[in-house]
Amino acid sequence: MGNYHLNHLKALEAESIFVIREVAAQFENPVLLFSGGKDSILMAYLAQKAFYPAKIPFPFLHIDTGHNFPETLEFRDQLIQKLGVKLIVASVQEAIDEGLVAEEKGFHASRNNLQTTVLLSEIEKKNFDAALGGGRRDEEKSRAKERFFSHRDEFGQWDPKNQRPELWNLYNGKKNYGEHFRVFPISNWTELDVWQYLVQEEIALPSLYLAHKRNCINRNGVILAASDFLPLMNDEQTEEMTVRFRTIGDLTCTGAVESNADTLEKVIIEIETSRQTERVARADDKRSETSMEDRKKEGYF
Amino acid sequence: MKYTNGQKTAPIFKNKELLRFTTAGSVDDGKSTLIGRLLYDCKSIYEDQYEAIKKYSERKGEDHVNLALLTDGLRAEREQGITIDVAYRYFSTPHRKFIIADTPGHIQYTRNMVTGASTANVALILIDARKGIVEQTRRHAFIASLLQIPHLVICINKMDLVDYKKAVFESIRQEFSQFSAKLDVKDIHFIPISALHGDNVVDRSSKMPWYEGTTLLYYLENVHIGSDQNLIDCRFPVQYVIRPNTKKFHDYRGYAGRVAGGVFKKGDTVMALPSGFTTKIAKIDSFEGEIIEAFPPMSVTLLLEDEIDISRGDMIVRKNNSPEVRQDLEVMVCWLGKRPLQLSGKYTLRHTMQEARCIVKEIRYKLDINSLHRNLEDKTIKMNDIARVVLRTTKPLFYDIYRRNRTTGSLIFIDEASNETVGAGMII
């Protein structure tokens with residue numbers, strides 16, 4: 001008998017494809033949450049593999065804070081065209097204009113929390129019964145407790161103390177009308193797994209992930225990209241730095257790291273020796289000890 | 001989707017194997033500390049994580065950095081100092097990537113241990129050297145055997161508090177071996193450790209020269225898991241039918257799914273259940289192109305030579321090796337629901353890609369996990385109880401007994417009113 005074993009990346013891929021297909025089979029109206037970041041690009045790629053040679057049988061949803069890196073939007077539109085899927089853009093700016101949500105005030109204002117309201121309202125409006133997300137359990141301590149199929153009540157809330165047990169590979173997607181599921185097919189991937197896989201499979205990424213020169217602001221140790229969306233505090237100055245991003249989200253709260261890694265291979269070497277988690281640069285996680293858990297309970301990604 | 005900002009230089013990453021293990025122990029056995037130690041010594045803890053728990057420990061006035069905080073992430077867990085839910089942790093060494101399902105030790109959370117155990121290759125059970133084998137230890141060992149985890153490692157922890165004495169280790173080992181002789185466990189290892197000081201976790205202890213075995217990490221890196229999968233009985237539960245309906249793939253009809261057993265090859269004569277029609281595999285397809293052999297746990301798409309009616313829930317098998325096809329099942333069930341199991345009650349079952357309804361015809365006995373005694377009188381099956389039941393399903397299930405195949409032998413019970421997952425079943 002030959003050597004029938006899959007390496008860790010192929011084993012993770014097989015698991016994720018299985019979960020994505022399960023969503024298409026168990027739900028009537030799923031949607032894939034697409035931010036343009038590496039995890040959602042990976043998700044798009046795995047979904048393509050799951051249904052090949054058919055097209056991905058569900059639309060993508062981008063919750064647009066309006067504070068985007070131009071590179072992300074350009075990349076997003078090209079990828080959508082290549083995959084031939086439908087893209088729905090739900091705009092936080094429009095929600096502010098319509099009075100659905102109010103903009104936070106002050107220098108630390110962020111549209112991060114507003115995304116939750118916009119996401120939940122979009123799920124309700126379009127009757128989505130499952131939202132696929134690129135969340136990983138290694139990202140943050142409350143995410144470590146997340147299921148693959150994560151039930152949300154009619155208010156879109158997560159109840160971490162009362163989750164459904166998830167056994168073997170049997171996923172229970174049963175729910176009442178008005179409730180929905182968040183599904184996390186790449187739960188078991190680590191940041192390094194994602195990077196290794198992206199390189200191994202030669203998957204294109206926005207240039208932001210590689211080292212480049214950019215005007216930045218150093219705020220409380222977090223390096224933020226200087227932009228019109230981010231007013232300077234009194235004594236702050238912008239400076240040109242060579243940076244890359246480990247995660248890509250809202251421009252005003254996604255921090256960069258100083259780096260000379262201008263190829264994906266160099267990025268992997270940096271990550272392998274890195275002593276900080278990728279979310280260290282996320283200003284939104286620094287608000288309190290349990291800020292991710294609190295946001296997730298309300299219905300955040 | 002190629003990236004073009006460089007030459008095609010995709011490196012081949014070292015062929016790492018994926019190993020899933022679960023950890024169990026009773027309260028204060030030092031389980032979270034052990035995991036913290038493995039992560040810390042394998043350099044899987046980042047500076048910002050370490051700084052965060054250091055600050056938290058200092059604020060709480062603790063003497064040393066509490067590594068347990070790495071795994072207790074929820075607000076309620078930190079407040080109460082206990083682990084509530086299964087937490088998944090990751091670390092890797094040059095040879096393997098590890099997924100830890102860290103399960104809480106409280107008696108009321110046995111359902112979490114079953115959850116963590118269901119996908120594990122290895123179970124780590126912690127025993128406090130001062131206390132020896134307690135009720136929880138027996139329960140955990142029994143669940144590991146019930147769930148057919150192939151390898152069991154008994155970590156006798158807090159050896160520092162018994163002066164690293166060989167006699168303590170040996171006496172616990174003997175007592176455990178007597179108990180485990182009654183269980184169905186293939187492979188058991190015993191390791192004396194101190195999670196707090198790191199003895200025999202990653203590095204060999206200099207304090208226990210009498211111990212000639214390996215460290216825990218060495219064991220995890222080297223235990224042979226290649227034969228944990230069933231490569232004999234070909235089982236392919238159809239998950240999803242791929243029909244592109246495009247000009248290029250007009251007649252394409254692919255059966256997507258994950259191999260649950262055996263090795264499938266192009267040209268194999270196969271049979272579809274429940275129809276019983278036989279045909280041959282025309283092609284095993286994937287995004288990368290044709291696949292020569294498909295084996296567990298690969299996700300692939302099968303194309304067949306003849307057009308036969310197959311849909312989700314059906315199973316493709318080898319012609320001369322079929323699974324059981326029955327509506328009457330004997331099942332060991334671990335009850336997970338808040339409401340007790342109802343005799344004559346109706347539940348929805350999920351089994352491979354099938355969904356069926358069932359009625360509980362009979363509760364044969366409740367199992368006392370401590371004595372392994374079969375209780376024929378008290379048949380009230382509450383949360384965390386384990387029982388043998390007889391089910392009648394609305395349609396035939398295609399299954400193997402759980403001992404032979406963990407994928408085709410397992411099922412879950414779903415409460416039809418609440419939609420909750422209320423039971424974990426293993427077919428016998």
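**Interface and helix packing in the predicted model**

The side chains of A:K49 and B:E288 form a salt bridge, with an N to O distance of 2.2 Å. The structure is a predicted model, and the values reported here are computed from it. In total, six salt bridges are counted between chain A and chain B.

The size of an interface is often expressed as the accessible area lost when the parts come together. For chain A and chain B, the area buried between them is about 7,900 Å². Carbon and sulfur atoms account for 57% of this buried area. The contact involves 81 residues from chain A and 90 residues from chain B. On the chain A side, the residues that lose the most area to chain B are A:Y4, A:W168 and A:E202. Together, these three residues contribute 12% of what chain A buries.

Within chain A, helix α6 (residues 191-200) packs with helix α7 (residues 264-273). The angle between the two helices is about 165°, and their axes lie 10 Å apart. Angles over 145 degrees count as roughly antiparallel, and α6(A) and α7(A) are therefore roughly antiparallel to each other. The crossing of α6(A) and α7(A) is left-handed. From α6(A), the contact is made by A:E191, A:L192, A:W195, A:Q196 and A:V199. From α7(A), A:L264, A:E265, A:V267, A:I268, A:I271 and A:E272 take part. By class, the contact of α6(A) with α7(A) comprises seven nonpolar residues, one polar residue and three charged residues.

Conventions. Residues are numbered from 1 along each chain as its sequence is written. Chains are lettered from A and ligands numbered from 1 in the order in which they are written. This is a predicted model: local features need pLDDT of at least 70, side-chain atom pairs count only at pLDDT 80 or more; totals for chains, interfaces and linings use all residues. Side-chain values use heavy atoms; hydrogens and water are left out. Axes are lines fitted to C-alpha atoms, for helices over the stretch in contact, and angles run from 0 to 180 degrees between N-to-C directions. Helices (H or I, at least four residues) and strands (E, at least two) are DSSP runs, numbered from the N terminus. Angles under 35 degrees count as roughly parallel, over 145 as roughly antiparallel, 65 to 115 as roughly perpendicular and the rest as oblique. A crossing is left-handed if the near helix is turned anticlockwise from the far one by less than a right angle, and right-handed if clockwise. Contact means heavy atoms within 4.5 Å. Ala, Val, Leu, Ile, Met, Phe, Trp, Tyr, Cys and Pro count as nonpolar, Asp, Glu, Lys and Arg as charged, and the others, Gly among them, as polar. Buried area is the accessible area (1.4 Å probe) that two parts lose on being put together, summed over both. A salt bridge is a side-chain nitrogen of Lys or Arg within 4 Å of a carboxyl oxygen of Asp or Glu.
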